[in-house]
Amino acid sequence: KMLRCTELGLRKIFVYGTLLKGQPNNNVLVNASNGLSIFVGKARLTKRYPLVVASVYNIPFLLPLEGTGQEVHGEVYGVDGKMLVELDALEEHPNYYTRTPVECVLTECEDSAHVGQLLDCEVYFLFDYRKELLSLPMLSRYDSYAPGQKRFCSIESRDHPSINDVKLGPKTNVT
């Protein structure tokens with residue numbers, strides 16, 4: 001799959017939250033009408049970052065504070081330009097999340113010869129976050145359905161589409 005991603009000119013995206021297999025937004029990645037996505041494998045970031053669940057909607061956020069938090073585990077997908085547009089729309093890039101280059105290491109994939117391989121990929125970080133987010137529990141893995149984890153609230157289920165309670169600037173009460 002690595003060679004296929006390269007041959008097809010796909011961008012490698014590291015996902016850590018609701019886009020993971022079995023999570024609420026994975027349907028965006030597997031819906032062929034959104035474009036092409038190829039599951040490369042499971043991976044972890046090579047540097048530690050804070051992964052927190054915040055906002056009234058229980059959204060996972062990866063904060064760009066290198067060296068803080070844990071080694072974050074997720075998945076890597078190769079995506080074409082059409083899928084990238086869909087992902088950017090979902091993540092509200094560049095106005096909310098910002099797609100940023102990172103390095104990860106493959107921990108599990110179809111061809112075991114690639115396990116341990118370093119990959120340059122991109123991840124969606126939340127910049128300009130409220131510093132209070134750093135006082136939240138920092139996760140190494142996200143699972144909206146794990147016991148004790150507050151359930152993610154999908155966009156369709158929200159009373160208000162905006163998520164301004166985690167960004168800097170005037171705090172918006174979302175009820």
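Which strand does glutamate 75 lie in? Keep that in mind while you look at the chain as a whole; the model is a predicted one.

**The whole chain**

Show the protein chain as a cartoon. There are 3 helices and 7 strands. Starting at the N terminus, the order of elements is α-β-α-β-β-β-β-α-β-β. Of the 175 residues, 47% count as buried. Among contacts with a separation of 6 or more, 74% are made by residues 24 or more positions apart.

**Glutamate 75**

Now select residues 70-79. This is strand S5, and glutamate 75 lies in it. Show the side chain of glutamate 75: it is buried but has no salt bridge. The nearest side chain of opposite charge belongs to lysine 21, 5.7 Å away. Next, turn to the backbone of lysine 21. Its nitrogen lies 3.1 Å from a polar atom of the glutamate 75 side chain. Leaving aside neighbours within four places in sequence, the residues in contact with glutamate 75 include Ile13, Phe14, Val15, Phe39, Gly41 and Ala43.

**The nonpolar core**

Select Phe14, Phe61, Leu62 and Leu87. The largest nonpolar core has 50 residues, and these four touch the most other members. In soluble globular proteins, nonpolar side chains tend to be buried together.

Select cysteine 104 and cysteine 121. For cysteine 104, the sulfur of cysteine 121 is the nearest cysteine sulfur. Cysteine 104 is buried, with a relative accessible area of 0%. Cysteine 121 also counts as buried, at 4% relative accessibility.

**Tyrosine 142**

Finally, select tyrosine 142, in the segment after strand S7 (118-126). Is tyrosine 142 buried or exposed? With a relative accessible area of 4%, tyrosine 142 is buried. Tyrosine 142 and valine 52 are 90 residues apart along the chain, yet 8.7 Å separates their C-alpha atoms. To see what surrounds tyrosine 142, show the residues it touches, not counting those up to four places away in sequence; among them are Tyr16, Gly17, Thr18, Leu51, Val53, Pro60 and Phe152.

Technical notes. Residues are numbered from 1 along each chain as its sequence is written. This is a predicted model: local features need pLDDT of at least 70, side-chain atom pairs count only at pLDDT 80 or more; totals for chains, interfaces and linings use all residues. Side-chain values use heavy atoms; hydrogens and water are left out. A nonpolar core is a set of buried Ala, Val, Leu, Ile, Met, Phe, Trp, Tyr and Cys residues joined through side-chain atoms within 4.5 Å. Buried means under 20% relative accessible area, exposed over 50%, partly exposed in between (1.4 Å probe, protein chains only). A disulfide is a pair of cysteine sulfur atoms within 2.5 Å. Helices (H or I, at least four residues) and strands (E, at least two) are DSSP runs, numbered from the N terminus. Lys and Arg count as positive and Asp and Glu as negative; His and the chain ends are not counted. A salt bridge is a side-chain nitrogen of Lys or Arg within 4 Å of a carboxyl oxygen of Asp or Glu. A polar contact is a pair of N or O atoms within 3.5 Å; within protein, one must be able to donate a hydrogen and the other to accept it, and residues adjacent in sequence count only if both atoms are side-chain atoms. Contact means heavy atoms within 4.5 Å.
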